[in-house]
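Here is a note for a colleague opening this entry for the first time. Please keep the structure in view while reading the points.

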Amino acid sequence: MMQHTSDDLWRDFPKTATEFEARFATEEDCRAYWIKARWGGQPACARCNSRRVWTIRKGTTFECAECGHQTSLTSGTLLEKTTKPLKTWFRAVFEISTRRTGISAKDLQRIMGFGSYKTAWSWLHKLRAAMVRSDSEPLGPFVEMDEALVGGKASPNKELVLVAAEANGRVRLAHAANNDEATLKAFANREIAPDARVVTDGHAAYNGHSLGQRRHEAVVQSKDERRAKDAVQHCHWTVSNLKRWLLATHGGAVKPKHLQAYLDEFVFRYNRRRTDGVARIAARTIQSLVSRPPKILRDIIRESAPYMAFRS
Ligand SMILES: [Zn+2]
């Protein structure tokens, strides 16, 4: 059912602020969309799956005619127990999806009129987790690998980020504890096709242990050679885009324990830079909100802990 309706859902999602105001003028409009995304239009009882239900509590809950069970619109979803109207959530989804470069917690707080920064921050993390879907297709057939140090300008500690980039294609980034063979191996096995051809710089840990059977070309370049033709150009471009994005959108103020969540958002947006429009991203985010089990922020953050070899 979810697959069946997903095209309608994104075609039906507003693309401009004016369209948004018209399409989701009331809480009822948002509920109808939510019900379409979650149940294909007609809610079902969470206990017995019956479609014979009626709404109670001003439309936030419905009661089953067969078994009497009460199901809230948001129970069992990422928005379970929210005290805010769906309209507010939809607005936040819209704001996050329409900005090509994303949004900071501070900007979200201002736009939504939230009293506290903490609220804006936790909404942002929740919505980011819903929006960002990992793309599981491994990179290939030509892939560059590299590492970079990323950190705020005020921060003395730079964090290590592993980079893999297809020529003119998709990228993957991982916050890593180090760049030893075992960590690079876990990263390569997770992100790069086993028959891909890999280009790296001369770092010794890129070898038959970390890269396995993949054909590997290690290119040691002088500064002048790199200026003329950088062997890992796509990685370097990715990293400079990443650094600019972290600085421009988030003021460079990213704590190490949240870095992977930001990398995931960057990769998600970057890999869709030519294909997906606002409406598609927003509609998918709402689908993800309705279809994924409730999750507390702590779990979302734990999932984004630095990448270790044992995560392979
Ligand atoms: Zn029932």
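**Notes on the predicted model**

1. Start at Ser 210. Leaving out residues up to four places away in sequence, Ser 210 touches Glu 181, Leu 184, Lys 185, Ala 188 and Ala 205. The model is predicted, so contacts like these are computed from predicted atoms. Ser 210 sits in helix α8, residues 208-211. Its relative accessible area is 1%, so Ser 210 is buried. Look also at Arg 11: Ser 210 and Arg 11 are 199 residues apart in sequence, and their C-alpha atoms are 44 Å apart in space.

2. Now the whole chain. The chain has 13 helices and eight strands. Its C-alpha trace spans about 70 × 40 × 30 Å along the principal axes. Of the 312 residues, 47% are buried. Among contacts with a separation of 6 or more, 61% are between residues 24 or more positions apart. The chain exposes about 15,900 Å², and carbon and sulfur atoms supply 52% of that area.

3. The zinc site comes next. Which residues coordinate the zinc ion? They are Cys 45, Cys 48, Cys 64 and Cys 67, each through SG, at 2.3 to 2.4 Å. The angles among the four donor atoms run from 100 to 119°, and the site is tetrahedral. Along the chain the donors follow the spacing C-x2-C-x15-C-x2-C. Cys 45 has 3% relative accessibility, so Cys 45 counts as buried. Cys 48 has 35%, so Cys 48 counts as partly exposed.

4. Two backbone points deserve a look. Most residues other than glycine have a negative phi. Asn 49 is not a glycine, yet its phi is positive, about 70°. Asn 49 lies in the loop between α3 (27-39) and β1 (53-56). With a relative accessible area of 58%, Asn 49 is exposed. Arg 57 is not a glycine either, and it has a positive phi of about 45°. The loop between β1 and β2 (61-64) holds Arg 57. At a relative accessible area of 53%, Arg 57 is exposed.

5. There is a cis peptide bond to check. Most peptide bonds are trans. The bond joining Gly 140 and Pro 141 is cis, with omega about -10°. Pro 141 is found in the loop between α6 and β4.

6. Helix α6 also holds Trp 123. Is Trp 123 buried or exposed? Its relative accessible area is 6%, so Trp 123 is buried. Setting aside neighbours within four places in sequence, Trp 123 is in contact with Lys 84, Thr 88, Trp 89, Ala 92, Leu 108 and Phe 114. Trp 123 and Gln 42 are 81 residues apart in sequence; from C-alpha to C-alpha they are 28 Å apart.

7. Helix α10 covers residues 233-250 and has 18 residues. From first C-alpha to last it reaches 25 Å, close to the 26 Å expected at 1.5 Å a residue. Its buried residues are His 234, Cys 235, Thr 238, Val 239, Leu 242, Trp 245, Leu 246, Thr 249 and His 250. Why do they lie on the same side of α10? Because they cover an arc of only 135° around the axis. The face turned away from that buried side carries the exposed residues Arg 244 and Ala 248. The buried residues of α10 pack against α6 (117-131), β4 (142-150), β5 (159-166), β6 (171-176) and α11 (259-271).

8. Follow the chain out of α10. Just after α10, Gly 251 takes a positive phi of about 60°. Lys 255 lies in the loop between α10 and α11. Lys 255 has a relative accessible area of 54%, so it is exposed.

9. Finish with helix α12, residues 278-291. At 1.5 Å a residue its 14 residues should span 20 Å, and its end C-alpha atoms are 20 Å apart, which agrees. α12 is mostly covered, with ten of its 14 residues buried. Among them are Ala 279, Ile 281, Ile 286, Gln 287 and Leu 289.

Notes. Residues numbered from 1 in each chain as written. Predicted model: local features only at pLDDT ≥ 70, side-chain atom pairs only at ≥ 80, totals over all residues. Heavy atoms only, no water. Helix = DSSP H or I, 4+ residues; strand = E, 2+ residues; numbered from the N terminus. Expected span 1.5 Å × (residues − 1). Buried < 20%, exposed > 50% of the residue type's maximum accessible area, 1.4 Å probe, protein only. Arc of directions from axis to C-beta. Contact = heavy atoms within 4.5 Å. Donors = N, O, S within 2.8 Å, 3.2 Å for Na, K, Ca; no water. Tetrahedral: all angles 85-135°; square planar, octahedral: opposite > 155°, others 65-115°. Areas by Shrake-Rupley, 256 points an atom, 1.4 Å probe, with all protein chains shown as cover.
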